[in-house]
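Have the sequence and the 3D view open side by side.

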Amino acid sequence: MNSETELAPAVASILEAARERPGGGDRVSVDARSLSDAIDRAEAAGRVPVVAEVKPTSPTAEGTRDDDPAALAEAMVEGGATAISVLTEPDHFGGSAESLRQVRDAVDVPVLRKDFIMHEAQLDVVEADLLLLIARFVDDLEALVAAARERGFQPLVEVHDRAELESALEAGADLIGVNNRDLARLEVDLGTFESVATEVPDDVTLIAESGISSPEDVRRMREAGANALLVGSAIMDHGTGETDITANTRRLTQATTGDE
Ligand SMILES: O=C(O)c1ccccc1NCC(=O)[C@H](O)[C@H](O)COP(=O)(O)O
């Protein structure tokens, strides 16, 4: 893992818990739903490809939503979501492997397991179509990318700057997320994606992550080269007023059609 100096206390706590969390039992083998096919279908239908996140809470959220995860995911798909991301981290995000299982049973779009995976055994906790690996927090990224693929997962490697992008490409990643949230300070800046995206090869599927809350943000990230967007808080709406998950999702998936 790269330097842990200057991490926000919440992130240091997340990592400490992640390091201790046990892995699964039997090695999983996934027959994955393809994200790139799902993105193509969304584009063909005139929708912005949005990976909508089931995110009950977080260190930066104002509250907690304890809605049924499967019902949330169904509402997101009704709003045009191309894929669903499910937080499985229990201690800081209110997630669970069981939530992911329920979501994957309820919808037919690809499902991303969003967690802080530190070692190979943690890959075997639950089946998912996509699996997040955070470049900053993984010691041997190339080995973990390979281990994820051996199980059938599509690994999504998350980076925050150009140096991490370089590591992701060297590790063989072909699906890369640029996180606009700086995990050291928990500040969000959409300029992060704009800065890193210019260095990403054309054959990489590129996802803009975090801090995307309005149709204008969607257009900004698309203009900077995002093939898809990962959105949690703006859809989950942790206490900001609007509670209609389908409407929140549709507002973003239709951001380029003017039908907002
Ligand atoms: O969301 C947080 O508060 C957070 C804090 C510490 C580490 C990670 C965190 N978020 C994880 C994520 O990757 C986001 O849930 C995801 O990118 C969606 O972001 P947003 O649309 O801003 O909710």
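A residue is called buried when its relative accessible area is under 20%, exposed when it is over 50%, and partly exposed in between, using a 1.4 Å probe and protein chains only. Helices (H or I, at least four residues) and strands (E, at least two) are DSSP runs, numbered from the N terminus. The model is predicted: local features need pLDDT of at least 70, and side-chain atom pairs count only at pLDDT 80 or more, while totals for chains, interfaces and linings use all residues. Residues are numbered from 1 along each chain as its sequence is written, and side-chain values use heavy atoms, with hydrogens and water left out.

Start with helix 6, residues 141–150. Its buried residues are Leu-141, Leu-144, Val-145, Ala-147 and Ala-148. Viewed down the axis of helix 6, they fall within an arc of 165°, so they line one face of the helix; the arc is that of the directions from the helix axis to the C-beta atoms. An α-helix has 3.6 residues a turn, so residues three or four places apart point the same way. Glu-142 and Glu-150, on the other side of helix 6, are exposed. The cover over the buried residues of helix 6 includes strand 4, strand 5 (154–159) and helix 7 (162–170). Just after helix 6 comes Gly-152, with a positive phi of about 100°.

Next, the core. A nonpolar core is a set of buried Ala, Val, Leu, Ile, Met, Phe, Trp, Tyr and Cys residues joined through side-chain atoms within 4.5 Å. The largest one has 60 residues, and Met-76, Ile-84, Val-159 and Leu-229 have the most contacts inside it. Helix 6 gives the largest share of this core, five residues. Another core, of 26 residues, lies apart from it and includes Ala-8, Phe-93, Phe-137 and Leu-230.

Now take two single residues. Is Asp-129 buried or exposed? With 0% relative accessibility, Asp-129 counts as buried. Asp-129 sits in the loop between strand 3 (111–114) and strand 4 (130–134). Its side chain makes a polar contact of 2.7 Å with that of Arg-104. Such a contact is a pair of N or O atoms within 3.5 Å; within protein, one must be able to donate a hydrogen and the other to accept it, and residues adjacent in sequence count only if both atoms are side-chain atoms.

Gln-102 belongs to helix 5 (residues 97–106). At 31% relative accessibility, Gln-102 counts as partly exposed.

Conventions
Contact means heavy atoms within 4.5 Å.
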